[in-house]
Amino acid sequence: MEEILELLNTGQYLKLRQQITGYNVADIAAYMEKMEQDELLKLFRILPKSMAADVFSYLEIETEQYVITSMSEKDAAGIIDHLMADDATDLLEEMPANVVKRLLAHASAETRRDINHLLRYPEDSAGSIMTVEYVDLKETLSVEQAIARIRKVGVDSETINICYVLDQQRTLVGTVALRYLLLSAPDAVIGDIMNENIISLHTMMDQEEVARQFKKYDFTSMPVVDNEDRLVGIITVDDVVDILEEETTEDIEKMAAIVPSDKPYMKTGVIESWKKRIPWLMLLMISAAFTGKIISSFEDALSKYVVLTAFIPMLMDTGGNAGGQASAVIIRGLSLDEIQFGDWFKVVWKEIRTAVLCGLTLAGCNIVKMLVFDRVSIRVALVVSVTLFLAVIVAKVVGSTLPMIAKKIGMDPAVMASPFITTIVDAISLLIYFRIATIALGI
């Protein structure tokens, strides 16, 4: 990094250009992200044209937008022409419509066609993340003819490791790996050596399901077909890595009661952070008012046994934590497709048994602690410990069922995470607590 900056700042552009061609494009992009904006632009203009588009595709989306808008429309269109169609589409989706219109006006007809094709599909669908740069072969070609075609079109393709075999109607009928082509006789026919056991994705498939299919079959690329089984694009494993990062980040934010954002933390402004966080905080604050209402309705009971007040935070925290544990594992199981709604009874029964063991352990330890250290009466210790036991059971059941119900009705299970469940469990725990206290202590 220091060496690049020194050459850049001393005006040794030719030496820098010669040196930087030996670097990995991903590393160059990482260096550029750490530079000041004027230095970044200067270095980008020094890059050989053959490297510029490759480096550009590794930049953060905000940096890409800055670079593109700082260039002339002709130069910017040249960069877009050299990007893979899916990368170009991702960039243009984030830019103002008037800028996109001007850029596409200077782009090649082929680029405009490919980008417009991808923009037709809903966001987060397989069609929106696929690329249209792939190698397709006719089933009537010989191996020699197929290799000649790969040499011709492969340089502009996302990958040539797997080639896709089509019939006259462009229906996907098979696949053939490059290594099999190299090992087969030159006069062998593609239709005879291709793999006819096709596993494909549909254009409207959700990107989370796309990631699951890649995990299941352990492929590095998969074909995407339309309703007539015609090949329209492919998705490669590098796209899946981006999907997994995006979906995991979204789930974590939802589980923390934050409206998901597509910007990195350091590039999100304070006002934007406030807008993302305040809706759920406001909702949870209002819902927590019910907890206060429950406490105020039992003021007379608390006035007779003031000591009961001291154990309210412990009961609420323990119940919330127990519910959070259950919801976390269930949400994760749902996202990995390990749990289905049909497993509801098995899940609840397992969580109840787990809750009984956890509740008995906590209640037993709590009785000893209250008698030895807090020096309360045995009746008060039993009231608090029985409530603790029941609160854990309720929390585990609520924490395991709400995410499954959310998934069943089409909501994201991550919404039913710790903050939401904690609020519900707190209210139920207090109702149990005061009801048991009223009966056992005669208040």
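The radius of gyration used here is taken over C-alpha atoms, and the rule for a globule is 2.2 Å times the number of residues to the power 0.38. For a compact globule of 443 residues that rule gives a value near 22 Å, whereas the chain in this predicted model has 30 Å. The box that its C-alpha atoms fill, taken along the principal axes, is roughly 90 × 60 × 40 Å.

The confidence of the prediction comes next. The average pLDDT of the chain is 87, and 98% of the residues score at least 70. Among the elements, strand β4 (residues 201–202) has the highest mean pLDDT, 96. The lowest mean, 75, belongs to helix α18 (residues 299–304). Where pLDDT is low, predicted coordinates should not be read in detail.

In secondary structure, the chain has 22 helices and six strands. Of contacts between residues at least 6 apart in sequence, 67% join residues that are at least 24 apart.

Next, the surface and the interior. Buried residues account for 44% of the 443 residues.

Asn366 is found in helix α20 (residues 344–374). Its relative accessibility is 8%, so Asn366 counts as buried, the cut-off for buried being under 20%. What is Asn366 in contact with, leaving aside neighbours within four places in sequence? The partners of Asn366 are Met314, Val384, Ser385 and Leu388.

The second residue, Leu402, is part of helix α21 (residues 378–408). Is Leu402 buried or exposed? Leu402 counts as buried because its relative accessibility is 19%, and the limit is under 20%. Not counting residues up to four places away in sequence, Leu402 touches Met416, Phe420, Ile421 and Ile424. How far apart in space are Leu402 and Gly364? From C-alpha to C-alpha, Leu402 and Gly364 are 29 Å apart, with a separation of 38 residues in sequence.

Taken together, Asn366 at 8% and Leu402 at 19% both count as buried. Asn366 belongs to helix α20 and Leu402 to helix α21.

Notes
Residues are numbered from 1 along each chain as its sequence is written. This is a predicted model: local features need pLDDT of at least 70, side-chain atom pairs count only at pLDDT 80 or more; totals for chains, interfaces and linings use all residues. Side-chain values use heavy atoms; hydrogens and water are left out. Helices (H or I, at least four residues) and strands (E, at least two) are DSSP runs, numbered from the N terminus. Buried means under 20% relative accessible area, exposed over 50%, partly exposed in between (1.4 Å probe, protein chains only). Contact means heavy atoms within 4.5 Å. pLDDT is the predictor's confidence in each residue, from 0 to 100.
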